[in-house]
Amino acid sequence: MYRQVATALSFTSLVLGQQAGTLTEEIHPSLPIEVCTAPGSCTKEDTTVVLDANWRWTHVTDGYTNCYTGNAWNETACPDGVTCAANCAIDGADYEGTYGITTPSDGALKLNFVTKNQNGQNVGSRVYLMKGDDKYRLFNLLNKEFTFDVDVSNLPCGLNGAVYFSEMDEDGGMSRFEGNKAGAKYGTGYCDSQCPQDIKFINGEANTEGWGGTDGNSGTGKYGTCCAEMDIWEANSDATAYTPHPCKVNEQTRCESEEECGAGDNRYAGLCDKDGCDFNSFRLGNKEFYGPGMTVDTSKPFTVVTQFITDDNTDTGALKEIRRFYVQDGTVIPNSQTVIEGVDPTNSITDEFCEQQKTAFGDTNYFKTVGGLSAMGKSLEKMVLVLSVWDDHAAAMNWLDSNYPTDGDPSKPGVARGRCDAEAGLPENVEAEHPDASVTYSNIKIGAINSTFTAA
Ligand SMILES: *[C@@H]1O[C@H](CO)[C@@H](O)[C@H](O)[C@H]1NC(C)=O
Ligand SMILES: *[C@@H]1O[C@H](CO)[C@@H](O)[C@H](O)[C@H]1NC(C)=O
């Protein structure tokens, strides 16, 4: 497919950086959402999705030579990060053919796990919601609720179908970083609370310094890209969690040292709260709530409602609580109650719940150090919606659906997070055994509290 040499593209390489390629036209799949003011009072908004830049073909601006192959940079095109961003372009995406991303019906998005394509195969994907062709759709979640339907019936143990918000720049960082000429249109500017260091371009520069392969298809560099993250939904058919992760910074920020990035032993010194304060029903003592045939029956679709309650019930108040409801077959299902010694029974996230949970489980409360729910709330005013499916090369998804730490005693409170086998999520296992897995998200809504759902 990438055969010819395009001579017409050879003039721009001196002035531009992290450029937009033009070999494949970038066409964003349509994913409309609804904005609601009261039950039954919703307005459709024409939004689309864009694939993250990291998944895209990166080639020299004046030809078809890869700037990045497997897990290595081309040293001629990329002697350093600034030069690399000037020499290399990220190109348009064939959403369905290369990445297995489709919109099976109006307002629905299906992400396939493994997609065989002309280059081999693609594993997982991550897309962002857009308003127009060049900007992400920003959300203010305070005093609002966010709702979507999900079908996880084909998403087994070890996988993670995630719906979350990250505090990315609206334009992907194009106006703040001179070297970024591709912008939101090509899915640039990603950040999250893990300060990921496997991102190829950060702040308009390639992350070439110190780049080392972690395995055949990815690597990590010196820099990471940090920002607050609200995990609405991290789940498969056997486990689920929702988790606020505040940061000390209130916009996408490149971390430049092990300490800032919270790498290795610096986990509780970094810019962001990597652990977050998670609400996982299984981990919190209700093992029959979520799964096939359970209270929330994951063998068929259901609706997930997440409410962001402020202290004065206005859009400018401080975040004090994050509530969860499910709706399935016309019935509203309140979130499960905690059954953990030392945690007052509750079914929502508050700072008090986080403190009690961390103490009961013997976890470090870095969530509190970074500012807890009120810090999270400041970020929630301008978030970008992320939808993804992924497997976990670092911890086999055991932190979500199995015992974690892996060598921990599962009878110790907090260790058992789900009923999955610890080896189910090893990438070599899940990619070989469940390449045809997929997740479908649909009927995305944002609105006033209790406006986006009703009981039948
Ligand atoms: C690296 O890039 C240079 C210059 O663009 C090109 O001539 C060379 O073939 C590339 N090397 C590889 C291994 O792709
Ligand atoms: C919203 O709906 C829930 C579930 O039906 C109910 O418990 C709650 O009181 C409602 N809240 C408001 C503000 O109406």
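Modeller: A salt bridge here is a side-chain nitrogen of Lys or Arg within 4 Å of a carboxyl oxygen of Asp or Glu. Arg-283 and Asp-278 form one, with the closest N and O atoms 3.1 Å apart. This is a predicted model, in which local features need pLDDT of at least 70, side-chain atom pairs count only at pLDDT 80 or more, and totals for chains, interfaces and linings use all residues. Side-chain values use heavy atoms, with hydrogens and water left out.

Biologist: Are Arg-283 and Asp-278 buried or exposed?

Modeller: Buried means under 20% relative accessible area, exposed over 50%, and partly exposed in between (1.4 Å probe, protein chains only). Arg-283 and Asp-278 are both buried.

Biologist: How many salt bridges does the rule give?

Modeller: The count comes to 19. Among them is the pair of Arg-176 and Glu-251, at 3.4 Å from N to O. This pair links distant parts of the chain, 75 residues apart. Arg-176 lies in the loop between strands E16 (160-166) and E17 (201-202), and Glu-251 in the loop between strands E23 (240-245) and E24 (253-255). Helices (H or I, at least four residues) and strands (E, at least two) are DSSP runs, numbered from the N terminus. Arg-176 is partly exposed because its relative accessible area is 33%; Glu-251, at 38%, also counts as partly exposed.

Biologist: Which residue forms a salt bridge with Glu-321?

Modeller: Arg-323 does, with the closest N and O atoms 3.1 Å apart. Glu-321 has a relative accessible area of 13%, so Glu-321 is buried. Arg-323 has 31% and is therefore partly exposed. Elsewhere, salt bridges that share partners join Glu-45, Lys-131 and Arg-137 into one network.

Biologist: How should I read the two faces of a strand?

Modeller: In a regular strand the side chains alternate between the two faces of the sheet. In strand E4 (residues 48-51) both faces are covered: Thr-48 and Val-50 are buried on one side, Val-49 and Leu-51 on the other.

Biologist: Which strand do four bridges join to E4?

Modeller: Two strands pair if DSSP finds at least two bridges between them. Four bridges join E4 to strand E13 (residues 125-130), and the two run antiparallel. Val-50 stands opposite Tyr-128 in E13.

Biologist: Which residues surround ligand 1?

Modeller: A residue belongs to the surroundings if one of its heavy atoms lies within 4 Å of the molecule. For ligand 1 these residues are Val-60, Thr-65, Asn-74 and Thr-76. An oxygen atom of ligand 1 is 2.3 Å from an N or O atom in the side chain of Asn-74.

Technical notes. Residues are numbered from 1 along each chain as its sequence is written. Chains are lettered from A and ligands numbered from 1 in the order in which they are written. A polar contact is a pair of N or O atoms within 3.5 Å; within protein, one must be able to donate a hydrogen and the other to accept it, and residues adjacent in sequence count only if both atoms are side-chain atoms.
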